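Here's a quick briefing to keep beside the sequence and the 3D view. Have both open as you go through the points.

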Amino acid sequence: MPQTTLALDCLFTGHAQPFTRPGSRSAIDKQPRQGPLKVTFLGLEGDEQGDLRVHGGIEKAIHHYPHEHYLDWAAELGEHPLLAQPGAFGENFSTTGWRETDVCLADRIRVGSALLEVSQGRMPCWKLNDRFEVAQMALRVQQSGRTGWYYRVLEEGVVRPGDRLQLVERPHGEWSVARLSAVLFDRHLEPELLAQCLALPLVPSWRRTLQRRLEQRQVEDWASRLEGAPASGV
């Protein structure tokens with residue numbers, strides 16, 4: 001990792017509200033907060049999720065997205081109003097200095113008085129398509145590897161913008177978020193590699209997915225996650 005400590009530039013939380021498609025709700029439109037904010041086992045005080053079946057919870061308590069990715073997206077998408085400031089991807093933490101190649105599964109990170117642990121990379125969904133009004137935006141995020149990552153909270157505490165994130169433990173330094181996500185998003189099956197991943201402390205959903213691939217010898221269909229239901233609701 002180029003840096004073992006860096007500044008928490010911005011904090012964001014959001015309220016769940018009706019989204020773009022019939023019956024859908026989302027809190028992806030998060031707004032900057034000035035600390036201090038409580039960090040609980042379910043995330044930041046005042047933060048909500050629109051669909052608790054696939055967002056939030058203990059294993060996805062806090063989402064971290066590198067701000068340097070915004071330059072990459074601007075180069076690909078051109079001028080876009082959402083890219084003018086952090087928060088476009090529904091992140092809770094915005095920093096500059098760590099990317100998915102720099103952060104590893106189960107890294108333990110102290111920020112403020114809270115202790116966090118990297119739990120998984122993000123599996124992008126269709127809500128990014130609708131938020132950016134860019135076809136296949138979720139697929140672009142997946143293929144680019146610019147997904148960000150999630151933390152579980154090991155010790156509750158308080159955090160505020162400007163606090164330092166400090167890496168305090170790294171038990172799986174050979175398994176960056178980028179490397180692990182690349183396995184998850186690979187259409188090509190490598191049983192030995194899947195077996196290596198299953199020996200890691202994966203979140204239950206990722207474990208089930210990889211175990212199923214080993215058993216069925218095929219990769220699951222991603223269309224529902226990446227594209228969702230048609231905008232008409234049919």
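What percentage of the 234 residues in the protein chain is buried? Buried residues make up 49% of them. Bear in mind that this is a predicted model. The rest of the briefing goes from the overall build to the cores, and then to a handful of individual residues.

**Overall build**

- The protein chain contains seven helices and 14 strands.
- Its radius of gyration is 17 Å, close to the 17 Å that the globule rule gives for 234 residues, so the chain is as compact as a globular protein of that length.
- Along the principal axes, the C-alpha trace spans about 45 × 45 × 35 Å.
- Take the contacts between residues at least 6 apart in sequence: 75% of these join residues at least 24 apart.

**Surface and charge**

**The nonpolar cores**

- The largest nonpolar core has 23 residues, and the ones with the most contacts inside it are I62, F93, L116, Y151 and L165.
- Several elements give two or more residues to this core: β6 (37–40), β10 (108–111), β11 (114–121), β12 (149–155) and β14 (164–169).
- There's also a second, separate core of 16 residues, which includes L105, A106, W175 and L200.

- As background, most residues other than glycine have a negative phi, and most peptide bonds are trans.
- G35 and P36 are joined by a cis peptide bond, with omega about 0°. P36 sits in the loop between β5 (31–33) and β6.
- A106 isn't a glycine, yet it has a positive phi of about 70°. You'll find A106 in the loop between β9 (93–95) and β10.
- Is A106 buried or exposed? With a relative accessible area of 6%, A106 is buried, and it is also one of the residues in the second core.
- E133 is another residue other than glycine with a positive phi, near 55°. E133 lies in the loop between α2 and α3 (137–144), and at 73% relative accessibility it counts as exposed.

**Two more residues to look at**

- D130 is part of helix α2 (residues 127–132). D130 counts as buried because its relative accessibility is 18%, and the cut-off for buried is under 20%.
- What does D130 contact, leaving aside its neighbours within four places in sequence? The partners are F19, T20 and R21.
- G43 belongs to strand β7 (residues 43–44) and is buried, with a relative accessible area of 0%.
- Setting aside neighbours within four places in sequence, G43 is in contact with K38, A61 and I62. Of these partners, I62 also turns up among the residues with the most contacts inside the largest core.
- For a sense of distance, G43 and D186 are 143 residues apart along the chain, and their C-alpha atoms are separated by 30 Å.

Methods: Residues are numbered from 1 along each chain as its sequence is written. This is a predicted model: local features need pLDDT of at least 70, side-chain atom pairs count only at pLDDT 80 or more; totals for chains, interfaces and linings use all residues. Side-chain values use heavy atoms; hydrogens and water are left out. Helices (H or I, at least four residues) and strands (E, at least two) are DSSP runs, numbered from the N terminus. The radius of gyration is taken over C-alpha atoms; the globule rule is 2.2 Å times the number of residues to the power 0.38. Buried means under 20% relative accessible area, exposed over 50%, partly exposed in between (1.4 Å probe, protein chains only). Contact means heavy atoms within 4.5 Å. A nonpolar core is a set of buried Ala, Val, Leu, Ile, Met, Phe, Trp, Tyr and Cys residues joined through side-chain atoms within 4.5 Å.
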